[in-house]
Amino acid sequence: MGKSVRVFFGMLVLCILAIPAFAGSPDLHGVYPAGLQRGANVALTLRGARLEGAAEIHFYQHGIAVKSLENTDANTVVAQCSVAPECPLGEHHLRLRTTTGLTELRTVWVTALPIVNEAEPNGEFTEPQVVPLNSTVSGVVTNEDIDYYAIEAKRGDRISAEIEAMRLGRAMFDPAIAILNADRFELAVADDSSLLLQDSTASIIAPEDGRYVIAVREAAFGGNDQSTYLLHIGSFPRPTVAYPPGAQTGVPFSFTLLGDPAGPITLDHMKLQASVDGMSAIFAKDGDQLSPSPIWLRVGHMPVTSEFRPVAPGDSGTTTSNATPPPTTAPAAPVPPVAFQGAISKAGEVDRFRFDGKKGVALIISAYARRLRSPLDAVLEVFDASGKWLAGNDDSAGADSVLTFTPPEDGEYEVRVRDHLGRGGETFVYRIELSPPQPSLELSLERIDSKKPQHLQAISVPKGNRFAALIRADRKNVGGAVSIEATGLPPGVTAVTTPVEADGALSPVLFEASAEASPVGSLADIKGLIAGTNDAANLPGIFSQTIPLVIAPPNETVYYQTTVNQLAVAVTEAAPFRIELAQPAAPILQNGVKPLKVHVQREPGFTGEIVLQMLWNPPGMSSVPTLTVAADKSDIEYQVSAAPDAPTKQWKLAILGHSTVNGGDVWVSTGLVSFSVEPPLFGGSLQMAATEQGTQVGVLCKLDSRRPFEGTARVTLLGLPPNTQCQPKDITAGATEVVFDLITQPNAPIGQHGNLFCELTMQQSGEILHHRLAGGGVLRIDAPPVAVAAEPEKKAPAPRQPAAPPKPLSRLEQLRKAAAEKAAATTEKPAQ
């Protein structure tokens, strides 16, 4: 190799090394194993794509510590984890952070029982896998597969089986379980449950000593490699509901846990504190055994009234919607806010509660049953003191009922609750809350793509760059602008927030990372406060992020979703490009369009296409979904439109941009710019015009001046048919009309042409103002009249020639004529 060639290749290598090694965002497909045991050290394997540079696992709940993190290859990470002995049982949410971004949210589940892995073959009842009682089996059901597990039990032992399958969020896996005796007789079968939704639980008391087999399958005998499960098999208690199903915050209550085959379990003098959503979870305990999943209770500040079920004279105990009102021995009717608690203990039962209503004071009446995992499908009805039906509802909150009732008069009213199908039983518990409408505020991160529920649902900000997101504020029974605050952000990251308008629901938040920021992440708190509210404790703006994990046919149904209350934010490696949005110098006008100027800055060596999209379109505005900046371009205009009724106010806009780098997307955004919508300069109406082909006609547009302006504006008549032309006209402020000189060609189409309109343009601050006006104009084009040809000159009639003499008849013609005359004479002779 010659010296010059060696020099060339050396320079080429140096150039290649000088180009930054950019990488795309990571994807996390699965976490294995799905279950972790309390107090154990576990190797957690995370598999996906572009997982190089794994730096940290963010767990949303406490109790799991990561001791080490190692990339075994570009798509696999192994984390050595320690699970605390007091780690909360159940679902734990996590995201992996790499130096290039945050992954999707995934889950693992913590169990109190030792974990046993499924060992094939275990697909025959006669050859089940033998497992210890009080263990958790980690397994998978493939197509048409049935997994069998055998345990030994003594007569009188409780045998409980509970499965996590759909709730693992891995696949559309609807499990069914059964407990069988040694003779293959099914002692308990479960497919779905009110407690565990699509997952199942079954529990029995062993009728004799011996072997018992637990069977696991997909309900429709489906399954695949992703149909993983955690099957808890043990002597743990498995009640399904608590009675009463709720309590008053901080007040001692005694509860009875119902649904366990060994009988009710009593919990005395418990004080419960509500979470932000008013729900509280308790785990049933029997000795050292805990139920794998909790029982749910409703906890609030309102006083609680016990069930009172009066029986009318002659009534057998089953009440109906026409039942006699309660006797006067009933307790005094409470004044809302109040919570009624009870159970529809037998089929056909209707429970009734009286309350004192005030005229015109609205009440929200809410049934909590399915939300407390009761099998009751509650129907609510309200009656007056005479038994007249006033209001009712079924299934406004899922299978629970909610209604708004405004008493027409002061006095006593009655709320009744029953099961939609007339069922009943000891576990059909409920809680009915009556209260005036309560203000609430909930914040969430708006989804960018409804078909990709986890798309951009974590904030990854390249250092020295920006990323914008939308925060949604959902208010109930309260109004006003909402200020937003982000706390607990990674070092080097700041958040620029804008208030949510009083009449709006969305507002952009800009996250910026300094050029010196190190790749690091955190789970940030997003808080909101309604303007004018001095005591934030009375109206907290709760952040809630709901993540669908299992979506399947039909109609992209969400079968399982989970919720977290913090926003994952991370600083990533620098992006190979940056985008800037120029601050508009002039507003957009209603019924107008405006190009936004975008500039792309590429790092040396990066030549990829960049796809732009608006972060959001404020109310009344629209834009193209995406716009691509070609590899050889740096500037582009992104056009936005304003509807005729777009609100006239100022908004904050940002544009997102992404490019595919090494198989993954890198996202950034522009900064926030102010963008004003203003009224049009003129309104107007086009008068109908008629003309002929090949002629000229004046088209009158009457103008309605909306606001003053300086200089001149140009008005153009558009929507014209082919082969017609019209020059624009210049007008000044205050003009009342404009006449267009319309010329039609001889071949202009004949007929009536609608949809004519005008377009106004003018310059302001070096930019074009534009809007449409006077829509719906009509132009009629007729054919020119046809010329009538002159009649030819009439000539004098020619003189009449004398008639030629008749030709003499031949002898034969004479004889025929004589015979005909004789026959005619004979016919006309009268009868004698």
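1. Strand β51 (residues 610-614) and strand β56 run antiparallel and are joined by four bridges. Strands here are DSSP runs of E with at least two residues, helices are runs of H or I with at least four residues, and both are numbered from the N terminus. Two strands pair if DSSP finds at least two bridges between them. Within this pairing, Val-611 stands opposite His-658 of β56.

2. The model is predicted, so local features need pLDDT of at least 70 and side-chain atom pairs count only at pLDDT 80 or more, while totals for chains, interfaces and linings use all residues. Residues are numbered from 1 along each chain as its sequence is written, and side-chain values use heavy atoms, with hydrogens and water left out.

3. Strand β56 also pairs with strand β57 (residues 664-669): six bridges join the two, which run antiparallel. Ser-659 has Val-666 of β57 as its bridge partner. The hairpin of β56 and β57 has two residues between the strands, and Asn-662 takes a positive phi near 50 degrees there. Is β56 enclosed or open to the outside? Because six of the seven residues of β56 (residues 655-661) are buried, the strand is largely enclosed by the rest of the structure. Buried means under 20% relative accessible area, exposed over 50%, and partly exposed in between (1.4 Å probe, protein chains only).

4. The overall composition is as follows. The protein has two helices and 67 strands. Of its 832 residues, 46% count as buried. Among contacts in the protein with a separation of 6 or more, 69% come from residues 24 or more positions apart; contact means heavy atoms within 4.5 Å.

5. Strand β15 (residues 175-181) and strand β18 (residues 210-218) pair in the antiparallel sense over seven bridges. Pro-175 stands opposite Glu-218 in β18.

6. How many aromatic pairs does the model hold? The count comes to 10 aromatic pairs, where rings of Phe, Tyr and Trp (its six-membered ring) pair if their centres lie within 6.5 Å, with planes under 30 degrees apart counted as stacked, over 60 as edge-to-face and the rest as tilted. Phe-125 and Tyr-148 form an edge-to-face pair, because their ring centres are 5.9 Å apart and their planes lie at 85 degrees. Phe-125 lies in the loop between β10 (115-117) and β11, and Tyr-148 in strand β13 (residues 146-153), so the pair ties together parts that are 23 residues apart in sequence. Phe-125 counts as buried at 10% relative accessibility, as does Tyr-148 at 7%.

7. Phe-355 and Phe-405 form another edge-to-face pair, at 6.4 Å centre to centre and 85 degrees between the planes. This pair links distant parts of the chain, 50 residues apart: Phe-355 is in strand β30 (residues 351-357) and Phe-405 in strand β34 (residues 402-405). Both Phe-355 and Phe-405 are buried. Elsewhere, Phe-340, Phe-353 and Tyr-430 form one aromatic cluster.

8. Charged groups also sit over rings, the criterion being NZ of Lys or CZ of Arg within 6 Å of the ring centre and within 35 degrees of the ring normal. Arg-416 lies over the face of Phe-383, at 3.7 Å from the ring centre. The charged end of Arg-170 sits over the ring of Tyr-32, 5.6 Å from its centre.

9. Arg-158, in strand β14 (residues 158-164), is buried with a relative accessible area of 9%. Its side chain makes a polar contact with the side chain of Asp-260 (3.1 Å) and reaches the backbone oxygen of Ser-235 at 2.8 Å. A polar contact is a pair of N or O atoms within 3.5 Å; within protein, one must be able to donate a hydrogen and the other to accept it, and residues adjacent in sequence count only if both atoms are side-chain atoms. Leaving aside neighbours within four places in sequence, the residues in contact with Arg-158 include Ser-203, Phe-236, Pro-261 and Asp-286.

10. The structure holds zero disulfides, a disulfide being a pair of cysteine sulfur atoms within 2.5 Å. Cys-726 is in no disulfide, and the nearest cysteine sulfur, that of Cys-758, is 8.6 Å away. Cys-726 counts as buried at 13% relative accessibility, and Cys-87 counts as buried at 0%.
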